[in-house]
Every structure is written in C-alpha cells, then in structure tokens.
Amino acid sequence: MPKRGTTPSDYSELTCAACAHGQALGFDFSMAFQPIVDVSQQKVVGYEALARGLNGESAGQVMAQVNEHNLYRFDQTCRVKAIALAAQLGITGYVSINFLPNAVYRPELCIRTTLDAAVRYNFPIERILFEITEVENVRDKSHLRDIIRYYQQSGFRTALDDFGAGYAGLNMLATFQPDIVKVDRELLSDIDSHPVKQAIIRHTLALCAELNLTPLAEGVETEAEYQYLRAVGFNLFQGFLFARPGFEYLPEVNWPTEHHKH
C-alpha cells in the first residue's frame with residue numbers, strides 16, 4: 001500500500017464516464033446482482049453487485065486480470081459500474097459494493113469518483129453500502145479504521161463480509177464496527193445438523209446484539225439451513241435458496257416457507 005499522503009501515477013483522478021466503460025482500466029467487465037432479503041418483512045432490501053465478465057464470466061476470471069498496478073482503478077471502476085447499473089435497473093433498496101481496503105490510499109480522495117457517480121446517476125449515497133471484503137490482509141488496521149469512519153461520516157453504510165472466514169474475524173470487529181455483519185457461508189453450511197456451528201452462531205448473534213450490529217446470513221442454500229437460522233433470530237438473508245445473481249438484471253426471489261414466528 002502506498003504511504004498515506006502520496007499519490008502514485010496510477011491513482012490519478014478518474015471520471016465516471018471512463019470508469020463506466022472500462023476505459024481507465026484497460027479491460028471491461030459488468031455486474032450481476034443478488035438480492036438481500038428481509039424475511040420478517042418479505043421484502044428485498046438491497047442487492048449485492050458482483051463483478052462478471054462482459055459475457056457473464058465468473059468473478060474469478062475478472063479478478064485474474066487485476067494486479068497491484070491496476071487495483072485502484074479496478075476498485076473505482078467497480079463502484080461506478082455498480083451505481084450506474086443499480087440506477088438503470090431501478091434498484092430502490094441499497095446497492096452493496098465490495099471494496100478492497102488496500103486499494104484506498106486516501107479515503108477523502110478515493111471517494112470522489114463514487115460521489116460523482118451517485119450524482120451523475122441520481123443514486124442516493126445513503127443507499128450505497130460498502131462491504132469490506134477480506135480476500136487480502138489489511139496491512140494497516142488504523143488506516144482501515146480511518147476509511148470506515150470517513151465513509152460512515154459521509155453517509156454511506158458499511159458491512160463486514162465473510163465474517164468468520166480468513167481475515168474477517170473478531171480482530172476486524174475490534175478495529176471498526178460496521179452496520180451489517182455478513183456471516184460466512186462456511187459457518188452456515190449444514191448448520192441445522194452441526195451442534196458446534198450452532199453454538200458459534202448463537203454467540204455471534206449475541207455479540208452482534210451487544211454491539212448493535214445487524215447480522216446477515218450469506219450463502220444460504222437449503223431450506224433446513226434457513227429454518228434453523230430463522231429460528232435463532234436472523235432476519236436478513238442472501239443466497240441461492242432465495243435467488244442466484246442476475247447478470248445485468250434483478251432476479252425474482254423465491255420466498256421459503258415461514259415455519260417460525262418471532
């Protein structure tokens with residue numbers, strides 16, 4: 001990560017138009033959208049924007065073209081594309097955008113393109129949620145804390161993605177407190193028949209309640225997983241059980257049977 005206060009050549013100010021068409025990056029890509037639902041209200045509250053190739057290729061194929069030299073431009077381009085498509089598709093909830101903390105060298109400068117895109121595409125900033133995704137280790141925790149504080153003060157919502165996996169654990173929660181904690185799929189897989197995972201999830205929910213954080217169960221794929229998680233108190237869900245990501249469209253939601261009252 002560049003030292004704070006420096007501006008490498010790759011970190012030049014970008015325009016919405018350049019980002020929207022991939023001109024600043026050197027390769028182009030698009031977005032798929034997966035619903036985030038509140039089952040207590042039977043309502044879609046937002047969509048996560050997921051990078052895809054122009055013909056729907058996987059995020060892995062897109063990320064294979066990203067390196068330390070174009071990381072910043074990729075991060076900025078993701079934001080603009082997500083906001084532009086969210087506006088075009090008429091998303092009325094929030095749009096959730098993954099960002100790479102190591103791509104942000106000075107939050108007050110790096111956020112300019114996002115703010116410009118929100119104005120350009122008439123998408124309210126309070127409906128933009130930034131997910132801290134931990135595919136990389138954040139090398140400077142104080143820098144991450146500064147980023148999150150700046151984003152929250154600017155009116156954006158924040159989420160910690162993949163909680164319980166990789167680097168996204170308790171140390172991250174000690175560093176900053178997001179609005180939403182997205183509990184990782186691996187912790188939730190087959191949870192209906194896994195007592196150890198059940199104990200971890202019960203304590204995770206208690207922790208979220210004490211810290212005033214909203215838990216979200218991500219990657220839910222089976223009715224049995226859903227019924228257990230609903231019973232212990234989850235309201236927000238995301239996963240194939242509800243809908244697979246729609247490439248440049250908003251997919252219909254499959255609402256599971258509600259067996260429990262809360």
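Analyst: Buried means under 20% relative accessible area, exposed means over 50%, and partly exposed lies in between (1.4 Å probe, protein chains only). This is a predicted model: local features need pLDDT of at least 70, side-chain atom pairs count only at pLDDT 80 or more, and totals for chains, interfaces and linings use all residues. Residues are numbered from 1 along each chain as its sequence is written, and side-chain values use heavy atoms, with hydrogens and water left out.

User: Is Leu 213 buried or exposed, and what is its relative accessible area?
Analyst: Leu 213 sits in the loop between α9 and β7. Helices (H or I, at least four residues) and strands (E, at least two) are DSSP runs, numbered from the N terminus. Leu 213 counts as buried because its relative accessible area is 7%.

User: Which residues is Leu 213 in contact with, leaving aside neighbours within four places in sequence?
Analyst: Contact means heavy atoms within 4.5 Å. Val 181 is one partner; the two C-alpha atoms are 6.7 Å apart, across 32 residues of sequence.

User: What share of the chain's residues is buried?
Analyst: The chain's secondary structure comes to ten helices and nine strands. It has 262 residues, and the share that counts as buried is 53%.

User: How far apart are the end C-alpha atoms of helix α3?
Analyst: The expected span of a helix is 1.5 Å times one less than its number of residues. α3 covers residues 71–89, 19 residues in total, so it should span 27 Å. The model agrees: its end C-alpha atoms are apart by 27 Å.

User: How many of the residues of α3 are buried?
Analyst: α3 is mostly covered. Gly 90 follows the helix, with a positive phi near 75 degrees. Of the 19 residues in α3, the number buried is 16.

User: Which element gives the most to the lining of the largest pocket?
Analyst: A pocket is found on a 1 Å grid over the protein atoms alone: an open set of points where a 1.4 Å probe fits, with protein on both sides within 12 Å along at least five of seven lines; lining residues have an atom within 4 Å of a point. The largest pocket is lined by 29 residues, with Glu 48, Leu 50, Ala 59, Asn 98 and Asp 161 nearest its centre. Elements giving two or more residues are β1 (30–38), β2 (43–52), α2 (59–63), α3, β3 (94–99) and β5 (157–163). The top contributor, with five residues, is β2.

User: What is the volume of the largest pocket?
Analyst: Grid points are joined across faces, edges and corners, and a volume is the space filled by probe spheres set on the points. For the largest pocket this comes to about 700 Å³.

User: How many residues of the largest pocket's lining are nonpolar?
Analyst: Ala, Val, Leu, Ile, Met, Phe, Trp, Tyr, Cys and Pro count as nonpolar, Asp, Glu, Lys and Arg as charged, and the others, Gly among them, as polar. The lining has nine charged and six polar residues. The nonpolar count is 14.

User: What covers the buried residues of α10?
Analyst: Helix α10 spans residues 223–232, and its buried residues are Glu 225, Tyr 226, Gln 227, Tyr 228, Leu 229 and Arg 230. Arg 185, in helix α8, has Glu 225 among its contacts. The cover includes α8 (185–188), α9 (195–211), β7 (214–218) and β8 (236–238).

User: Is Asn 122 buried or exposed, and at what relative accessibility?
Analyst: Asn 122 lies in the loop between α5 (112–120) and β4 (128–132). Its phi is positive, near 55 degrees, in a residue other than glycine. Asn 122 counts as exposed because its relative accessibility is 68%.

User: What is the relative accessibility of Asp 190?
Analyst: Asp 190 is in the loop between α8 and α9. Its phi is also positive, near 60 degrees. Asp 190 counts as partly exposed, with a relative accessibility of 45%.

User: Which residues does Val 66 contact, leaving aside neighbours within four places in sequence?
Analyst: Val 66 lies in the loop between α2 and α3. At 15% relative accessibility, it counts as buried. With neighbours within four places set aside, its contacts are Phe 27, Leu 71 and Phe 74.
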